[in-house]
Amino acid sequence: MTTAIIAEDEDILRTELQDRLTEVWPALQIVASLDDGAAALEEIWERKPDIVFLDIRMPGMSGLEVAAAVVAQGISTQIVFVTAFDQHAIEAFDRGAVDYLLKPVTAERLRHTVARLQARTTSPSLSADALAALSQALREQPEAPKTAPIRWIVASSGNEARMVLVEDILYIQADNKYCVVMTAEGESLIRKPIKELAAGLDPEMFWQVHRGTIVNVRAVKSLTRDDAGRGVLKLRQRTETLAVSQPFMHRFRGM
């Protein structure tokens, strides 16, 4: 049985892709359908699917970042990028010899992609070199103006609404419909999902280390690895520790 994971942050497009795949490839078993990159990476690591369909632009971890982690971890899965780039940018995918689906996904294009996937062996379709070529080619394409990272957020602590400077945040953890925002002075709550917060943070400063945890790298004191390949972070200004799940350990190779 061939298995697949879909990662697409737009609900309608994710459902449409799943429905079209069911029509074109009835034997394909879709084991997870997710709306953010961090969750997708953990599911890929746990389930080791044969194929993953990755939206390139997702809140938090992009499809390119997820793919880079998959390649770095040596997970043998075939990767198909799903993209809304216009036709001029498609040359980037062709130059990198990378499988892709252009939104909106047509049945004809999907059949072509499925035929290529079925013709391959279990070897992954994306190498580190191909991913680097794709990333470089996409950087050469004109981009829409980027939104500046957020500088502060409004969070609640008891009955008090508090303005928190982003640079003061040590880490953020998901808590149902809320996020716990931790600073050296204590915790506050914000009613936003973690993937929405992640989309507004500077990715150079804030790293996802778990499906439900984002850490300010400046707050990290040390990392301890266990025998299973997971990590535990110690912080500079807090006594609690943070777990790093195995799929995100590649971020700390230099430590």
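Let's start with the open sheet: five strands, all pairing in parallel fashion, sit in the order S2-S1-S3-S4-S5. (Strands here are DSSP E runs of at least two residues and helices are H or I runs of at least four, numbered from the N terminus; two strands pair if DSSP finds at least two bridges between them.) At the edges you'll find S2 (29–34) and S5 (100–102), each of which pairs on one side only. On average, neighbouring strands of this sheet are turned by 15° against each other, direction ignored. Axes are lines fitted to C-alpha atoms, for helices over the stretch in contact, and angles run from 0 to 180 degrees between N-to-C directions.

Keep in mind that this is a predicted model, where local features need pLDDT of at least 70 and side-chain atom pairs count only at pLDDT 80 or more, while totals for chains, interfaces and linings use all residues. Residues are numbered from 1 along each chain as its sequence is written, and side-chain values use heavy atoms, with hydrogens and water left out.

Now zoom in on S1 (residues 3–7), which pairs with S2 in the parallel sense over five bridges. For instance, Thr3 has Gln29 in S2 as its bridge partner. Helix H2 (residues 37–47) packs on the sheet and touches S1, S2 and S3 (51–55), with its direction at about 150° to that of S2. Contact means heavy atoms within 4.5 Å. Helix H3 (residues 63–72) also packs on the sheet, touching S3 and S4 (78–83), and its direction makes about 170° with that of S4.

How do the two helices sit against each other? The axes of H2 and H3 come within 9 Å and cross at roughly 20°, so H2 and H3 are roughly parallel to each other (angles under 35 degrees). Their crossing is right-handed, meaning that the near helix is turned clockwise from the far one by less than a right angle. At the contact, Gly37, Leu41 and Ile44 of H2 meet Val66, Ala69 and Val70 of H3. Those residues split into five nonpolar, one polar and no charged; Ala, Val, Leu, Ile, Met, Phe, Trp, Tyr, Cys and Pro count as nonpolar, Asp, Glu, Lys and Arg as charged, and the others, Gly among them, as polar.

A hairpin of five residues links S14 to S15, and Gly231 has Val244 in S15 as its bridge partner.

Methods
Angles under 35 degrees count as roughly parallel, over 145 as roughly antiparallel, 65 to 115 as roughly perpendicular and the rest as oblique.
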